[in-house]
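Student: I would like to work through this model step by step, with the criteria behind each term stated as we go. Could we begin with how its helices pack?

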Amino acid sequence: MKKRICAYCGNEFGKNHQRTAEHIFPQGLLELYPYQDVSFTPEKIFKDNSGLIIADVCNRCNNEVLSELDSYGCNLIKTQFYKEIEYKFKDETIEKEIDYDLISKWVIKIAYNYLRSRKNECTFIQRYIPCILKRSGALEGFSIFLGLHMNTTPLPERCYEYQPLCIIENPKLIGTSLGISMRFNLPFDLNSIIIQGAYEKLLIRLGNLIIYLIFWQEGSDRLQETYDQVLIKNFNLIKIVKGKCKYNLKRVTASTNMTINYGHILSKSALHQDDMLLESTLHGKSVIETRNLFESMRSEEDWKKSGLMVEREMFPNNRKVRDEFEEVFGKEV
Ligand SMILES: [Zn+2]
């Protein structure tokens, strides 16, 4: 049975609080990525992002506080995390300006919407709702780390399952590159860090912004401090803190994040291993030379055709996909 109260203000749906649909990924972000019309959850793939909606938010919350947060967040991504970051910045830091309160509330809201849509336990988020609704309460009991997504491989990003918007539950924090583990037959979670004392850990990718979010259990202050330090020291993750708005962010992407997405984040030294391993396969050519060579061998037409073939296979019942496919390849018999 559908819930009868708003997941934010708690008012019963009715004339004054009408039930509305809220996107997990805000509409403004979906519009930034019109070609990314495939959304992923662990079990489902959707066309046109239609699947990732929840319908337990009232029109007041949706149109007032939540849409204010969305407009901050979408603008942040559009102006600072949209344009592809060039490979030459791989080992550089890039300065970004971020409002601690607004991004924290926005990210917590996205996490809350996601967890509800997955029917995961998320009562621990309720403590933040008064604050999101600008009533009262403090923003504490969580850690938000930021990093940059950047393609470090010799192939263009569109060769992979391009997912500029995604959420991953409990990503692994690993200290050895997957390539090394594979080559020497080591366990994949070698040197991995397991975070204790947390209700939930999520990785959220929004364009080039990688967010690692930990919700701490009550009474885990000491653990939080310890883990925060471990992550800051060993990973390219930067923790956002109240009162600070300028951050020098670093890339967190390994080649394996391009091929199998963000179920894992590598430590600084593992990223280094990953880079070296990759370069060793290029026979003296640089990553950029190899990528340019690859691009020059494929036309836009080739890209379109291969994309359509994959989509036709993935979404056999989608009419839009069928029409586009038939326009290029002719009617199917
Ligand atoms: Zn409401």
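Student: At what angle do helix 10 and helix 11 pack?

Tutor: This is a predicted model, in which local features need pLDDT of at least 70 and side-chain atom pairs count only at pLDDT 80 or more, while totals for chains, interfaces and linings use all residues. Residues are numbered from 1 along each chain as its sequence is written, and helices (H or I, at least four residues) and strands (E, at least two) are DSSP runs numbered from the N terminus. Axes are lines fitted to C-alpha atoms, for helices over the stretch in contact, and angles run from 0 to 180 degrees between N-to-C directions. For helix 10 (residues 300-314) and helix 11 (residues 319-329), the axes are 10 Å apart and the packing angle is about 140°.

Student: Which class of arrangement does that give helix 10 and helix 11?

Tutor: Angles under 35 degrees count as roughly parallel, over 145 as roughly antiparallel, 65 to 115 as roughly perpendicular and the rest as oblique. The angle here is about 140°, so helix 10 is, relative to helix 11, oblique.

Student: How many charged residues does the contact of helix 10 with helix 11 have?

Tutor: Two residues are in contact if their C-beta atoms, placed from the backbone, lie within 7 Å. Helix 10 contributes Lys 304, Lys 305, Leu 308, Glu 311 and Arg 312, and helix 11 contributes Val 321, Glu 324, Phe 325 and Val 328. Ala, Val, Leu, Ile, Met, Phe, Trp, Tyr, Cys and Pro count as nonpolar, Asp, Glu, Lys and Arg as charged, and the others, Gly among them, as polar. The contact therefore has 4 nonpolar residues, no polar ones, and charged residues numbering 5.

Student: Is Leu 66 buried or exposed?

Tutor: Leu 66 belongs to helix 2 (residues 59-80), and beyond its neighbours within four places in sequence it is in contact with Glu 22, Val 57, Cys 61 and Lys 109. A residue is buried if 20 or more other C-beta atoms lie within 10 Å of its own, exposed if 12 or fewer, and partly exposed in between, with C-beta atoms placed from the backbone. Leu 66 has 23 such atoms within 10 Å, so it is buried.

Student: Which strands stand at the edges of the sheet?

Tutor: Two strands pair if DSSP finds at least two bridges between them, and 5 strands form an open sheet with antiparallel pairing in the order 7-9-10-6-11. Each edge strand has a single partner, so one side of each is left without a neighbour in the sheet, and these are strand 7 (165-169) and strand 11 (238-239).

Student: What is the value of phi for Asn 170?

Tutor: Asn 170 is found in the loop between strand 7 and strand 8 (172-174), and it counts as partly exposed because 13 C-beta neighbours lie inside 10 Å. Its phi is positive in a residue other than glycine, with a value near 45°.
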